[in-house]
Amino acid sequence: MESTVFLDGEYLPSDQARISVEDRGFLFGDAVYEVSPAYRGTFFRLDRHLDRMRRGLGALQIDWDVAELPGIHEGLLARNGLDAAEVSIVYLQVTRGVAPRTHHFPPGPVRPTVFGYAKEFLRPARERWEEGWAAITVPDQRWARADLKTTCLLPNVLAQEAARRSDVADAVLVRDGFALEGAHNNLFAVFGDTVVTHPASNQILHGITREFVLELARGAGMPVEERPIPLEELSGADEIFFTGTTTEIRPTVELDGLPVGEGRVGPVARALFDAFLAGVEQARRGQG
Ligand code: PDD
């Protein structure tokens, strides 16, 4: 079925959506984006996605009112028949707009380009989840503002391609000997019963799922530490897992070809995934 996308105030078939060759998103990656999940038609923590986009737009000095975001998200779900889908995601990108190419901002006022689409997210079967996945480590080659969700994702693209070529699910980005996050998700490690993840600094994206999982861990009484994880320490972790909107919680049972812990999905990842599934269901019913 042809999907319906949103472009500059209009909903239209994806094959009819066109942007200018002078769009600064196309030329420079001069843009921010969000990916927000909905569970059977109800968005999960959309306010956080909206806040993060507002922060990004502010940092890039792009003038767009995020108050439009929830309406576009609802419109995309409805027009693509996704209201009943178990999980769907909406992608929304705002670029600085169309102007003759100059590195500095265009001198006159420019209308930001706003593009969005929605699609179903297929969660792996629980039996598959229980087998876990593999990951590799790669050098982090990103700029110093990894906390901004810009579309300048080439280092992330190269990292994920390295993972694909190694036939693994995820790439751990390593900088100065510390394991920061994944190419498109946040990284958690478990040492004994302690859940550890990198602090929400400029070196990682402040994931909405990361924040939720930290809340779940603390709520379950697990010891939690937000601190940098040396790669050497990560190699000896009892458990490793990734979190993100298009990842939910994905356990890693093999890192760089070696087993993580006992090489099986661990009890902490399992308990947190169960709590995650219960938490999104509770939020959907309006109790969360
Ligand atoms: N990626 N870290 C990076 C580098 C990311 O790109 C993402 C999200 C996350 C997780 O953030 P959240 O939990 O808010 O989804 C962490 C999105 C899904 C993407 O680029 O498609």
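**View 1. Helices H2 and H3 cross at roughly 125°.** This close-up of a predicted model shows H2 and helix H3 (residues 69-79), whose axes come within 10 Å. Axes here are lines fitted to C-alpha atoms, for helices over the stretch in contact, and angles run from 0 to 180 degrees between N-to-C directions. Leu46, Leu50 and Met53 of H2 meet Leu69, Pro70 and His73 of H3, where contact means heavy atoms within 4.5 Å. By class, this contact has five nonpolar, one polar and no charged residues. Ala, Val, Leu, Ile, Met, Phe, Trp, Tyr, Cys and Pro count as nonpolar, Asp, Glu, Lys and Arg as charged, and the others, Gly among them, as polar.

Residues are numbered from 1 along each chain as its sequence is written, and side-chain values use heavy atoms, with hydrogens and water left out. As the model is predicted, local features need pLDDT of at least 70 and side-chain atom pairs count only at pLDDT 80 or more, while totals for chains, interfaces and linings use all residues.

**View 2. Helix H2 also packs with helix H6.** H2 spans residues 46-60 and H6 spans residues 208-219, and they pack at an angle of about 130° with their axes 10 Å apart. H2 and H6 are therefore oblique to each other, and their crossing is right-handed. Arg48, His49 and Arg52 of H2 make the contact with Ile208, Glu211 and Glu215 of H6. These residues divide into one nonpolar, one polar and four charged.

**View 3. Turn to the contact of H6 with helix H8 (residues 267-284).** The axes of H6 and H8 come within 10 Å and cross at roughly 110°, which makes H6 roughly perpendicular to H8. From H6, Thr209, Phe212, Val213, Leu216 and Ala217 meet Leu272, Ala275, Phe276, Gly279 and Val280 of H8. Here the residues divide into eight nonpolar, two polar and no charged.

**View 4. Arginine 24 sits in helix H1 (residues 24-28).** With a relative accessible area of 2%, arginine 24 is buried; buried means under 20%, exposed over 50% and partly exposed in between (1.4 Å probe, protein chains only). Arginine 101 is 77 residues away along the chain, yet its C-alpha atom and that of arginine 24 are separated by 7.6 Å. Not counting residues up to four places away in sequence, arginine 24 touches Gly29, Asp30, Arg96, Gly97, Thr102, His103, His104, Phe105 and Pro106.

**View 5. Aspartate 147 belongs to the loop between strand S7 (133-139) and helix H5 (154-165).** Aspartate 147 counts as buried at 15% relative accessibility. Its side chain makes a polar contact with the side chain of arginine 145 (2.9 Å). For a polar contact, look for a pair of N or O atoms within 3.5 Å; within protein, one must be able to donate a hydrogen and the other to accept it, and residues adjacent in sequence count only if both atoms are side-chain atoms. Leaving aside neighbours within four places in sequence, aspartate 147 is in contact with Ser201, Asn202, Ile204, Leu205 and His206.

**View 6. Strand S15 (residues 248-255) holds threonine 252.** Threonine 252 counts as buried at 4% relative accessibility. Beyond four places in sequence, threonine 252 touches Trp133, Ala134, Ala135, Ile240, Phe241, Phe242 and Val260. Glutamate 248 is also placed in S15. Phi of glutamate 248 is near 55°, a positive value in a residue other than glycine, and at 2% relative accessibility glutamate 248 counts as buried.

**View 7. Aspartate 8 has a positive phi of about 50° although it is not a glycine.** You will find aspartate 8 in the loop between strand S1 (4-7) and strand S2 (10-13). At 30% relative accessibility, aspartate 8 counts as partly exposed.

Note on methods:
Helices (H or I, at least four residues) and strands (E, at least two) are DSSP runs, numbered from the N terminus. Angles under 35 degrees count as roughly parallel, over 145 as roughly antiparallel, 65 to 115 as roughly perpendicular and the rest as oblique. A crossing is left-handed if the near helix is turned anticlockwise from the far one by less than a right angle, and right-handed if clockwise.
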